[in-house]
Amino acid sequence: MFYIIIVSSACLTFVVTILFYQFANQRKLYIKERLRNLTTVGEPQDAISAELSVPFSQRILRPLFGQLAQKIARLMPFRQSGLERQLVLAGQPGNFTVQEFVGLQVCIAFGFMAAGYLLAVLSGMRANIILPISCGLAGFYLPKLYLRKIIVTRSSVIEKELPEVLDLLTVCVEAGLGFDAALAKVVEKSSTTLAGEFKRVLQEIKIGKPRREALKDLAKRLEVDDLSNFIGAVVQADQLGVSMCNMLRLQSQSIRQKRRQRIEEQAMKAPVKMLLPLVLFIFPCIFIVLLGPAVLQFIAAMGGR
């Protein structure tokens, strides 16, 4: 039983390591694939060489893990609609589906459980099952915590990118471009996360989706308040026939004002947040430096008597 747990934990650790390596190097692999496609344009390529050009993790490990994840997800007792929504808000990290993400959670949980069992065996607590169960629960919820961190970070990044993107969009519209052409110019000149989302909006418009629905889907997909207000203003201006240039200028000023207010609010919270480390760490050191010599002299004087 002990050797089976060691082998299973090693296999799970290998699979999880490969998947995280693939997620961390996804952009690098995408760039290499683009360069390979550009350099092999016009050259004959058979099916076997095309298949072998795909990375090993995409060709072998990802399909095997997908099949295993689907079988594991069928056994899970809870609904997965909330998890699907979180994956959408996080921007589909690693292109994981809901089933694959749940399978990853289960694999990490078993790996942590095996590590906890090994730790309990090595420390002499063979009958203690609290440590393996605790490690398994921690491993199961660790990917969800990481996913929530990605969502918060992505929302913050989009809030910071929105004023600059709106300025560029306003300049393009004032130069005489239409709204769709201005979006295309923003996508061309910018490589931010928000520009990538606008690129998806343009792709949806090209395949026939109305612009209003594509923009509303963007607001639902990101759930950033400033962006939702901007998209609502764009849709309303399109319906009422309001000048798009004036609307964009007003929205840019409004969003910059809100951004300035948020920064001022964070600056006002800074003294309150600094109070606890000051009381716990700074003030005792100051008291030791200032009052330490006097206390030593007082103790010496009392001892001399």
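What percentage of the 305 residues in the protein do buried residues make up?

Reply: Buried residues make up 30% of the 305 residues in the protein, where buried means under 20% relative accessible area, exposed over 50%, and partly exposed in between (1.4 Å probe, protein chains only). The model is predicted, so local features need pLDDT of at least 70 and side-chain atom pairs count only at pLDDT 80 or more, while totals for chains, interfaces and linings use all residues. Residues are numbered from 1 along each chain as its sequence is written, and side-chain values use heavy atoms, with hydrogens and water left out.

The protein has 12 helices and 0 strands; helices (H or I, at least four residues) and strands (E, at least two) are DSSP runs, numbered from the N terminus. Among contacts (heavy atoms within 4.5 Å) between residues at least 6 apart in sequence, 65% join residues at least 24 apart. The accessible surface comes to about 19,900 Å², of which 65% belongs to carbon and sulfur atoms; accessible areas come from the Shrake-Rupley method with a 1.4 Å probe, and for residues only the protein chains shown count as cover.

A nonpolar core is a set of buried Ala, Val, Leu, Ile, Met, Phe, Trp, Tyr and Cys residues joined through side-chain atoms within 4.5 Å. The largest such core has 34 residues, of which Leu169, Leu227, Phe230 and Leu248 touch the most other members. Two or more residues of this core come from each of helix H7 (130–174), helix H8 (179–189), helix H9 (193–206), helix H10 (211–222), helix H11 (225–240) and helix H12 (244–304). Leaving aside residues up to four places away in sequence, Leu169 touches Phe179, Ala182, Leu183, Val186, Phe230 and Leu248. Another core, of 10 residues, lies apart from the largest one and includes Leu83, Leu89, Val98 and Ile150.

Ala195 lies in helix H9 and is buried, with a relative accessible area of 2%. With residues up to four places away in sequence again not counted, Ala195 touches Val186, Val187 and Ser190. Ala195 and Glu161 are 34 residues apart in sequence and 9.0 Å apart in space, C-alpha to C-alpha.

Glu223, in the loop between H10 and H11, has a phi near 55°, a positive value in a residue other than glycine. Glu223 is partly exposed, with a relative accessible area of 46%. Gln92 is found in the loop between helix H5 (81–89) and helix H6 (98–122), and its phi, near 50°, is likewise positive in a residue other than glycine. The relative accessible area of Gln92 is 30%, which makes this residue partly exposed.

H7 and H12 also give two or more residues each to the lining of the second largest pocket, which has a volume of about 260 Å³. On a 1 Å grid over the protein atoms alone, a cavity is a set of points where a 1.4 Å probe fits but cannot get out, and a pocket is an open set with protein on both sides within 12 Å along at least five of seven lines; lining residues have an atom within 4 Å of a point. Grid points are joined across faces, edges and corners, and a volume is the space filled by probe spheres set on the points. H12 gives the most to this lining, with 6 residues. Among the lining residues are Ser156, Glu159, Arg259 and Ile263.
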